[in-house]
Amino acid sequence: MSIGIGLPISDPAALLDWARRADAGPFSTLGLLDRLVYHNPEPLTALAVLAGATNRVRLQTEVLLAPLRETALLAKQAATLDRMSGGRFTLGLGVGGREDDHHAAGTPLRDRGRRFDQQLADLCRLWSGEPHSAEAGPIGPAPAREGGPELLIGAFKPKALARVARWGDGLLAAAPPSWAGGLFDTVRRDWQELGRKGEPRLVAQANVALGPESLVDEARATMSAYYEFTGMAEQMVSGMLTTATDIRATIRAYRDLGADEVMLYCWGGDPEQVDRLADLC
């Protein structure tokens, strides 16, 4: 099982240091989340910069809020990043749930699920080289991987999980092991029922902060502010892993569930966490 690093959002300029440290270490992937009405860096832009600063580690959105974006341009951006990174890009997609994000993007919140389904179909079609429409031709460049970059879908509910088998390569599950197991089982079942070859890629995410008390306090405050809109920020922050023992135990639990990768998402800004977490891998 691979271990990746989720990048903090508090200081975009510091992410180059994070990326270089992770690229030199045992980590498989750099992940970056997405919001529009927030001070986080735009993930496709940021990951493109990090692609040029690294040689080995993969680059992943977790998750990019697809309904906020125009589909044809998203197809081109993702294919470009995949091609220019040498096939190191994984596109994690989800629908998002913040009304202010959709207001700023000019996209109706109530239609996000239906819009996302159409986007997934259109992205796969465009990446295969088909024309955009009767009025417009294909949209290049061709991605590094035939058919498009690796596509993970973030989901929790059955209808959303069904998108993984229909359109994706796997699931991105931001859930503790006690919950992730059921999500994994649902995706595996859907995959088999649709007759997909091979196995779905199963990626878990755990929120971590490893270091002095000041770092842990910073991480909790940042995560709480980010998830304030859910009304469950306190509950989510309480699940943050802050000791080497708890992080190791959670990694083992995801491994026992059959996860292919665990993303250790860091909310504190100290890049030395990369080195501390490397000692746990």
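The legends below describe close-up views of a predicted model. Local features require pLDDT of at least 70 and side-chain atom pairs pLDDT 80 or more, whereas totals for chains, interfaces and linings use all residues. Residues are numbered from 1 along each chain as its sequence is written, and side-chain values use heavy atoms, with hydrogens and water left out.

**View 1. Packing of helix α2 with helix α3.**
Helix α2 spans residues 43-53 and helix α3 residues 71-84; helices (H or I, at least four residues) and strands (E, at least two) are DSSP runs, numbered from the N terminus. Their axes come within 10 Å and cross at roughly 15°. Axes are lines fitted to C-alpha atoms, for helices over the stretch in contact, and angles run from 0 to 180 degrees between N-to-C directions. The two helices are therefore roughly parallel (angles under 35 degrees; over 145 is roughly antiparallel, 65 to 115 roughly perpendicular and the rest oblique). The crossing of α2 and α3 is left-handed, that is, the near helix is turned anticlockwise from the far one by less than a right angle, clockwise being right-handed. L44, L47, A48 and A51 of α2 meet L74, Q77 and L81 of α3, contact being heavy atoms within 4.5 Å. By class, this contact of α2 with α3 has six nonpolar, one polar and no charged residues (nonpolar: Ala, Val, Leu, Ile, Met, Phe, Trp, Tyr, Cys and Pro; charged: Asp, Glu, Lys and Arg; polar: the others, Gly among them).

**View 2. The buried face of helix α2.**
P43, L44, A46, L47, L50 and A51 of α2 are buried, where buried means under 20% relative accessible area, exposed over 50% and partly exposed in between (1.4 Å probe, protein chains only). Seen down the axis of α2, the buried residues fall within an arc of 160°, so they line one face of the helix; the arc is that of the directions from the helix axis to the C-beta atoms. T45 and G52 are exposed on the other side of α2. The elements covering the buried residues of α2 include α1 (15-24), α3 and β5 (89-94).

**View 3. Packing of helix α6 with helix α7.**
Helix α6 (residues 158-167) packs on helix α7 (residues 177-193) at an angle of about 45°, with the axes 9 Å apart. This angle makes α6 oblique to α7. The crossing of α6 and α7 is right-handed. L161, A162, V164 and A165 of α6 touch L183, T186, V187, D190 and W191 of α7. The residues of this contact of α6 with α7 comprise seven nonpolar, one polar and one charged. Within α6, the buried residues are A160, L161, R163, V164 and A165, and their cover includes α5 (112-127), β6 (150-154), β7 (170-173) and α7.

H102 lies in helix α4 (residues 99-105) and is buried, with a relative accessible area of 3%. Beyond neighbours within four places in sequence, the contacts of H102 include P67, L68, T107 and R112. L264 belongs to strand β9 (residues 261-266) and is buried, with a relative accessible area of 1%. Not counting residues up to four places away in sequence, L264 touches residues including I3, I5, V208 and L277.

**View 4. Two cis peptide bonds.**
Most peptide bonds are trans. The bond from E62 to V63 is cis, with omega near -10°, and V63 sits in the loop between β3 and β4. The bond from G140 to P141 is also cis, with omega near 5°; P141 is placed in the loop between α5 and β6.
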